[in-house]
Amino acid sequence: MKNILVIGGTGFLGSAVVRELARRTASADSCFTLPTRRRERAKHLIVLPTVRVVDADVHDPATLARLMEGQDAVINLVGILKGGEGQPYGKGFARAHVELPSKIAAAAKAAGVSRVLHVSALKAAADAPSGYLRSKAAGEAALREAGLDLTIFRPSVIFGRGDSFLTLFAKLAKIAPLFPLAGANARFQPVWVEDVAAVVADSLQRADSIGAAYDLCGPTQYSLRQLVGYAAAVAGHPRAIIGLPEAVAWLQAWAMEFIPNGPMTRDNVRSMRVPSVCDGDCALPFGRTATPLETIAPTYLGG
Ligand SMILES: NC(=O)c1ccc[n+]([C@@H]2O[C@H](COP(=O)([O-])OP(=O)(O)OC[C@H]3O[C@@H](n4cnc5c(N)ncnc54)[C@H](OP(=O)(O)O)[C@@H]3O)[C@@H](O)[C@H]2O)c1
C-alpha cells in the first residue's frame, strides 16, 4: 500500500501510527496524507519525508472526496472525549464519531478506496451508559454497513509519552495535596501507544484482518485509584486518593463541564461504569506481546 489517508493522524495515537508506517516504508515512495484543522500543531510529523500534512475540513464531503483521490487505504482515528449531553449522544459525538465515519465510508466507496481501518473504543455498544461509547458503536456500524474491507480496533485507555491520562495525573499530583477521585474503582487495562500503532500498521499488510474487530489491552488490569496512585508516585509526588461517592463525582463532573478543557464530564463518569478491560483472551493480535505499563511509564513520568 503506497498512499494512505490518515484522518486524525495528527493526534496522540495517530502520530504513533504515522511514525510507525513511515518507519516501515522508509525507502519506499509511499505518501501518508494527514488532514488537520491545525497544521502548526503537526510540526513533529511535517518533518517526516513521506508525510504530507494538509489543512482540511474532513467534515466537508467535497474536501473528503478530494483527499480520497489516489489513496490505497484510509485510516480513521478521529475521536473526542467531550461531545456534550443528549440522546442517543451529544451533538459533538454525533458529528465526530458517527457522521464523520459515514462520510468517510461514502467518500471511500465513491473513490474506490475499499481498505478502511477504524479506531473505535473498548466496550463501544449501542446500549452503553455513555454517549461516548454509544456513538463509537454507531460509527462502527456506519462503516460496517458500507461493505468496505474494514478492520476495527477497540483499545482500552492508551498510555505513552504525550498521553493525556497518566501524564495528567502526574501533573495534578504536582499541584494538588490530595486527589478527590471520581470513578476510583473503575477498571482499566491500559495498552501502550506503540503496541497499538504496531497492530494498526500490521493489519494494513494482513488480508486476514479484513472484517475483524480487535479489542486491544495491555497485560494488566488496574483500578483508576491504582493508576492515579502509581502515576503520582512515579512522578515523585505520592498523594492520598479519596474515592468520591457517585453523587459527588457526578456533581464534580458537572461543575468541571464549565471549565474550558476541564478534566472530566458527566459522560466520562458514565463511561467509567463499564470496566474498560478485555474479556477472555487479552493477547494482542498477530502474535504481538503487550508491553507492561511499569516498563514504559517511568520513562516519561519520572520526577
Ligand atoms: N487515547 C486513548 O486513551 C484512547 C482510548 C481508546 C480509544 N481511543 C480512540 O483512538 C483515537 C485516537 O485517539 P487520540 O488519543 O490519539 O486522540 P487525540 O490525540 O485527541 O487526537 C484526535 C485526532 O482527531 C482529530 N479530531 C478531533 N476532533 C475532530 C473533529 N471534530 N473533526 C475532525 N478531526 C478531529 C484531531 O485532528 P486535528 O489535528 O484537526 O486537531 C486529532 O488528529 C480516537 O478515535 C479515540 O477515541 C483513544
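**Close-up views of a predicted model**

**View 1. V6 and I75 in the sheet.**
V6 stands opposite I75, a residue of β4. This is a predicted model: local features need pLDDT of at least 70, side-chain atom pairs count only at pLDDT 80 or more, and totals for chains, interfaces and linings use all residues. Residues are numbered from 1 along each chain as its sequence is written, and side-chain values use heavy atoms, with hydrogens and water left out. Helices (H or I, at least four residues) and strands (E, at least two) are DSSP runs, numbered from the N terminus. β1 and β4 are joined in the parallel sense by four bridges; two strands count as paired if DSSP finds at least two bridges between them. With β2, β1 forms three bridges, again running parallel. There, L5 has T33 of β2 as its bridge partner. Four of the five residues of β1 are buried, leaving the strand mostly covered. Buried means under 20% relative accessible area, exposed over 50%, and partly exposed in between (1.4 Å probe, protein chains only).

**View 2. The open sheet of seven strands.**
The strand order is β3-β2-β1-β4-β5-β6-β11, with parallel pairing. β3 (51-55) and β11 (213-216) stand at the edges with a single partner strand each, so one side of each has no neighbour in the sheet. Neighbouring strands are turned by 15° against each other on average, direction ignored. Axes are lines fitted to C-alpha atoms, for helices over the stretch in contact, and angles run from 0 to 180 degrees between N-to-C directions. β4 and β5 run parallel and share four bridges. In this pairing, V74 is opposite V116 of β5.

Contact means heavy atoms within 4.5 Å. Helix α7 (residues 193-204) lies across β1, β4, β5, β6 (149-155) and β11. Relative to β5, α7 runs at about 165°.

α4 spans residues 91-111, 21 residues in all. From first C-alpha to last, α4 reaches 28 Å, close to the 30 Å expected at 1.5 Å a residue. The expected span is 1.5 Å times one less than the number of residues. At E99, α4 bends by about 35°, and the proline P101 follows within four residues. The bend at a residue is the angle between axes fitted to the seven residues ending there and the seven starting there. G112 follows α4 and has a positive phi, near 75°.

**View 3. The buried residues of α4.**
F93, A94, A96, H97, V98, L100, P101, I104, A105, A107 and A108 are buried. An α-helix has 3.6 residues a turn, so residues three or four places apart point the same way. Strands packed against by the buried residues of α4 include β1 (3-7), β4 (73-76) and β5 (115-119). Helices packed against include α3 (61-68), α5 (131-145) and α10 (266-271).

**View 4. The disulfide C217-C278.**
The structure holds one disulfide, defined as a pair of cysteine sulfur atoms within 2.5 Å. C217 and C278 form the bond, S to S 2.1 Å. The torsion about the S-S bond is about 90°, so the disulfide is right-handed. C217 sits in the loop between β11 and β12 (222-223), and C278 in the loop between α10 and α11 (293-301), so the pair ties together parts 61 residues apart in sequence. Both C217 and C278 are buried. The sulfur of C282 is 5.1 Å from the closest cysteine sulfur, that of C278, too far for a bond. C282 is partly exposed, at 26% relative accessible area.

**View 5. R154 in strand β6.**
R154 lies in β6. With a relative accessible area of 17%, R154 is buried. Its contacts, not counting residues up to four places away in sequence, are S120, A121, L122, E140, R144, A213, Y214, D215 and L216.

**View 6. A22 in helix α1.**
A22 belongs to α1 (residues 12-24). A22 counts as buried, at 10% relative accessibility. Leaving out residues up to four places away in sequence, A22 touches F32, L48 and T50. A22 and L48 are 26 residues apart along the chain, and their C-alpha atoms are separated by 7.5 Å.
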